[in-house]
Amino acid sequence: MKKSRILAMAVLSMTLVAMINLSAVGAVTVTNGGFEDPAYSGDQLVPFPSIPGWTFAGTDNAGILPADATGVWGIPTDGQCAAIWGGATLAQTISGSGTTTFTFFVQGYDSVLTVTLDDTPLTFGGTPSVSTVGGGVNGPMIQYTSDPITIDAGDHTLKFIAGSSWSFIDNVAAAVPEPACITLLTTGLIGLSMRARRKRI
Ligand SMILES: [Ca+2]
């Protein structure tokens with residue numbers, strides 16, 4: 001193999017390793033995204049609880065729906081979930097930096113849920129809100145993934161703002177979208193390796 005090719009492969013390898021490290025360092029994380037901590041029991045909404053990661057606010061009702069809430073609420077589909085209503089908010093201070101998407105599951109009563117990062121609405125396929133279709137907590141939860149957003153290092157506020165009716169929210173998470181350039185680099189590297197291997201045989 002020519003020296004120039006060996007050098008090119010070495011540079012590609014180092015770039016790839018550096019980019020993978022870059023995407024892992026400072027990744028955005030969401031605390032208690034499944035709303036399971038602490039575990040509550042009973043048939044009623046636990047209003048404005050103090051729980052790790054999240055802050056409930058507003059004059060209308062909001063809180064945690066226990067996993068065994070079987071009354072008017074129905075049974076949440078994945079353990080406990082958050083429930084916010086009529087302009088109430090649910091917020092978390094997150095840190096980390098880089099390009100990320102936010103995912104979560106939601107159900108509700110024909111309402112509209114707005115999700116903001118530092119008071120700017122996240123978009124979902126270009127739309128700055130999501131619909132909570134009818135069926136209440138008994139209905140199937142729908143997963144939404146925000147369009148990718150790039151954030152600087154430091155604290156940021158992720159906030160869910162209820163519409164006119166209930167929104168049930170669960171499994172909030174942040175994910176690093178796979179950069180197209182890393183895929184391209186990986187493909188190129190495999191191609192070069194195979195080519196070098198064929199020449200040696
Ligand atoms: Ca849950």
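## Strands side by side

In this predicted model, strand S1 (residues 46-47) runs antiparallel to S3, and 2 bridges join the pair. One place to look is Val46, whose bridge partner in S3 is Ile64.

S3 also pairs with S4, again in the antiparallel sense, this time over 4 bridges. Here Ala62 has Ile84 as its bridge partner in S4.

## The protein as a whole

Stepping back, the protein holds 2 helices and 13 strands. It has 201 residues, of which 26% count as buried. Among contacts between residues at least 6 apart in sequence, 75% join residues at least 24 apart.

## The nonpolar core

Which residues touch the most other members of the largest nonpolar core? They are Ala82, Ala83, Ile84, Leu90 and Ile169, in a core of 35 residues. Two or more residues come from each of these elements: strand S3 (62-65), strand S4 (81-84), strand S6 (98-108), strand S7 (111-117), strand S12 (156-161) and strand S13 (167-175). As a general background, nonpolar side chains in soluble globular proteins tend to be buried together.

Leaving aside residues up to four places away in sequence, Ala82 touches Phe35, Ile64, Leu90 and Ile169. Ile64 is also the residue that bridges to Val46.

## A look at Tyr144

Tyr144 sits in strand S10 (residues 142-145). Is Tyr144 buried or partly exposed? Tyr144 counts as partly exposed because it has 19 C-beta neighbours inside 10 Å, while a buried residue needs 20 or more.

Beyond residues up to four places away in sequence, Tyr144 touches Thr103, Phe104, Val106, Phe124 and Val130. For Tyr144 and Ser131, which are 13 residues apart along the chain, the C-alpha atoms are separated by 9.9 Å.

The mean pLDDT of the protein is 81, and 69% of its residues reach 70 or more. Where should you take care? Over residues 20-25 pLDDT stays under 50, and the model has 3 contacts for them beyond four places in sequence. Where pLDDT is low, the predicted coordinates should not be read in detail.

Terms used: Residues numbered from 1 in each chain as written. Predicted model: local features only at pLDDT ≥ 70, side-chain atom pairs only at ≥ 80, totals over all residues. Buried ≥ 20, exposed ≤ 12 C-beta atoms within 10 Å, placed from the backbone. Contact = placed C-beta atoms within 7 Å. Core = buried A, V, L, I, M, F, W, Y, C linked by C-beta atoms within 7 Å. Pairing = 2+ DSSP bridges. pLDDT = per-residue confidence, 0-100.
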